[in-house]
Each structure stands twice: as structure tokens, then as C-alpha cells.
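Dear colleague,

I am passing on the structure below, together with my notes on what turned up when I went through it. Please read the notes with the coordinates open beside them.

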Amino acid sequence: GSILEPQERSMEPPAVPPEEEEEEEMPLTAAPGPAGCQLFGYVGIEAVLDQMKIKTMKMGFEFNIMVVGQSGLGKSTMVNTLFKSKVSRKASQPGQEERIPKTVQLQCVTHVIEEKGVKMKLTVTDTPGFGDQINNENCWDPIIKYINEQYERYLREEILISRKRKIPDTRVHVCVYFVPPRGHWLCPLDLEFMRRLSKIVNVVPVIAKADSLTLEERTEFKQRIQEDLKAHAISVYPQEDFDQDPDDRALNDRIREKIPFAVVGADQEHQVNGKRVLGRKTKWGIIEVENPAHCEFPLLRDLLIRSHLQDLKDITHNVHYESYRVRRLNESNGP
């Protein structure tokens with residue numbers, strides 16, 4: 001009977017001789033924490049970055065930009081200035097007469113640009129006829145339809161059972177909206193377009209042909225545009241809701257203070273102090289487009305290409321395309 005009874009056990013730890021206790025405590029104090037461990041020699045983990053760089057250079061990458069604005073604001077010239085090459089629709093179709101279309105049309109031109117071994121498939125989408133009619137009601141509908149069609153095309157390729165290893169990306173990564181240099185305020189067409197488009201694509205507003213404004217008019221016009229954007233709750237790129245890293249937030253705050261950029265485009269070179277620079281020649285001198293003292297074109301180029309190009313693509317895929325995908329799948333699964 002005594003064998004079946006449970007034995008009483010004390011909760012106190014058994015007594016350990018002092019010598020054995022010291023031997024057990026030493027490894028515990030010397031063990032590394034969960035933060036990581038030190039390597040005793042070179043392993044080669046840093047070579048992963050080189051592998052990614054080589055693979056990206058072989059495959060290349062895609063970037064799709066859309067320019068929207070009224071005729072005569074220098075959209076094609078600005079795109080040529082951004083990439084320092086003839087990539088606009090005017091350059092691809094020389095000799096044709098420029099006519100204002102009766103409705104908003106979309107024209108896409110695709111080029112492969114290579115710089116220092118890195119290849120980029122660039123697609124420029126122009127919107128001739130936008131804002132040029134007497135009645136501009138719903139002139140943004142063809143643009144919204146085109147952007148959603150590119151999301152739909154990507155979604156169809158993604159949900160296939162046997163899909164491609166690399167899905168062709170035709171989604172619009174950024175829309176550069178050209179504001180006429182009025183010097184007063186945004187018109188209802190500008191506000192309504194940016195309000196609708198900012199929900200489905202990254203919108204970057206710029207003041208076109210800023211050389212027609214004085215420095216005081218330029219500063220006042222920018223302040224009024226910023227006030228109008230806040231009053232109508234229009235979130236342009238870079239959006240405050242997507243800032244996660246403190247360093248990125250500090251950088252984007254400085255960018256948001258200067259948006260919209262007052263830019264000047266030029267695709268002709270001139271001689272200035274023995275150097276060839278891009279600029280516009282006037283009676284009073286040459287306006288250098290790459291000089292920060294003359295215009296804010298360098299800030300726009302840094303934002304679109306040098307510092308935030310990958311971020312534009314990430315937000316397009318993770319935010320705008322994701323919201324479209326969720327809405328479409330809910331519609332297909334609904335009653």
C-alpha cells in the first residue's frame with residue numbers, strides 16, 4: 001500500500017556543494033544573449049548585397065511615370081530633362097502636327113535606358129487634352145480607368161495557377177501633376193483631380209514654368225497650394241501615414257515643406273563659365289535648370305530617381321495595388 005501512495009516532494013532546490021554550484025553558474029554568465037553572437041572569422045554574409053546587385057543589373061527594373069497637365073506647360077520637355085534623353089512622345093513621333101484632341105487621350109512611350117550597366121525600362125504616359133476643353137467635367141475618368149486597368153492586368157497575371165516568374169509591371173508608379181503658374185490659387189479642376197487620383201496613385205504636384213514668376217510670387221503661390229491641400233485633405237507623395245523610420249520621416253518632412261516644386265525644364269545646352277549646362281536662354285541671362293538657386297528641378301529629380309524611386313514602387317505595390325486587389329477579390333467573392 002505504501003508503494004502506491006504519492007511521494008511528498010519538497011519545492012526547495014536540493015542542496016548543492018559550493019564547488020559544484022560555482023561550476024554551474026560560470027557558463028550561464030558567459031552565455032551570449034538573444035541579441036546575437038560574435039563571429040570568430042569571416043563568413044561572407046555581406047556578399048548577399050553583391051549577389052542582389054548583380055541579379056538586379058542582369059534583370060533590370062521597370063519604372064512607369066505619368067505626366068498630367070494642360071497643353072503648353074512643358075510636360076514633354078520636363079521628362080526629357082529628367083532623364084537627359086529624348087523619351088517624350090514628341091521625340092518619338094517627329095514631324096507630326098500637334099493638335100489639341102477633343103477628349104482626353106493617353107499615349108504611352110517605352111524606352112530602355114542604361115546607365116553604368118544598370119538597365120531601366122521606362123514608360124512615359126502622357127495625357128494630351130486634359131484641361132484644354134471648355135467643359136472639363138469628368139476629364140479625369142479616362143486617367144482613372146487607365147490606372148485601374150493596369151492594376152487589373154497585374155492582378156490577372158498574379159492569380160493564375162501557373163504564373164510567370166516575373167510579372168510584367170505596367171502599373172503607374174508616380175503621377176506628376178503640372179500646375180499652371182497662375183500665382184494665386186489652385187482651380188477646382190486641380191483640386192478635384194488630385195483629390196481623386198491621390199487615392200489610387202502617388203501624386204507629385206509641381207509648378208510648371210516657374211521662371212514666369214518672381215521669387216516672392218513663387219513663395220506665396222507655394223504657401224497657398226499647401227494650404228489648399230491641407231484644407232481639402234489631399235495627401236500627395238510622400239504621405240505622412242507611410243513614414244515608419246524616424247530618419248525617413250525627418251527627410252520626408254523637409255520634402256513636404258518644399259512641395260510643390262517650382263521647376264523649369266530645358267533640353268538644350270548652353271555655355272556658362274566654360275561649362276555646358278542645361279538651361280533656357282533669355283535676354284537677361286541663362287536659367288540653369290540644374291542650379292538650385294534658379295529653380296527646384298534638382299529636388300524633383302532627386303525625389304523621383306535618386307532617393308525615392310524604389311519607395312514609389314513599394315508604395316504602389318503595397319498600398320495602392322493592395323487596396324485595389326482587396327476590393328476586387330471582395331467583389332468576386334460577394335453574393
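**Notes on the fold**

Of the contacts in the chain with a separation of 6 or more, 68% are between residues 24 or more positions apart. Please keep in mind that this is a predicted model. The chain has 10 helices and 9 strands, and buried residues make up 38% of its 335 residues.

**The core**

The largest nonpolar core has 75 residues, and those with the most contacts inside it are Ile-65, Phe-130, Ile-143, Ile-147, Phe-193, Leu-197 and Leu-304. Helix H5, which covers residues 141-158, contributes the largest share of this core, namely 7 residues. If residues up to four places away in sequence are left aside, Leu-197 touches Trp-140, Ile-143, Ile-144, Ile-147 and Val-203. As a general background, nonpolar side chains in soluble globular proteins tend to be buried together.

Helix H2 itself has 13 residues and reaches 19 Å from its first C-alpha to its last, close to the 18 Å expected at 1.5 Å a residue. Just after H2, Gly-60 takes a positive phi of about 75°.

**Backbone details to look at**

Two cis peptide bonds deserve a line each:

- Tyr-237 and Pro-238 are joined by a cis peptide bond with omega of about 0°, and Pro-238 lies in the loop between helix H7 (215-231) and helix H8 (246-258).
- Ile-259 and Pro-260 are likewise joined by a cis peptide bond, here with omega of about 5°, and Pro-260 is placed in the loop between H8 and strand S6 (261-262).

Positive phi values also occur at two lysines. Lys-84, in the loop between helix H3 (75-83) and helix H4 (89-92), has a phi near 50°, and this lysine counts as exposed because its relative accessibility is 54%. Lys-116, in the loop between strand S2 (107-115) and strand S3 (118-126), has a positive phi of about 55° although it is not a glycine, and with a relative accessibility of 80% Lys-116 is therefore classed as exposed.

With best regards

Methods. Residues numbered from 1 in each chain as written. Predicted model: local features only at pLDDT ≥ 70, side-chain atom pairs only at ≥ 80, totals over all residues. Heavy atoms only, no water. Core = buried A, V, L, I, M, F, W, Y, C linked by side-chain atoms within 4.5 Å. Buried < 20%, exposed > 50% of the residue type's maximum accessible area, 1.4 Å probe, protein only. Helix = DSSP H or I, 4+ residues; strand = E, 2+ residues; numbered from the N terminus. Contact = heavy atoms within 4.5 Å. Expected span 1.5 Å × (residues − 1).
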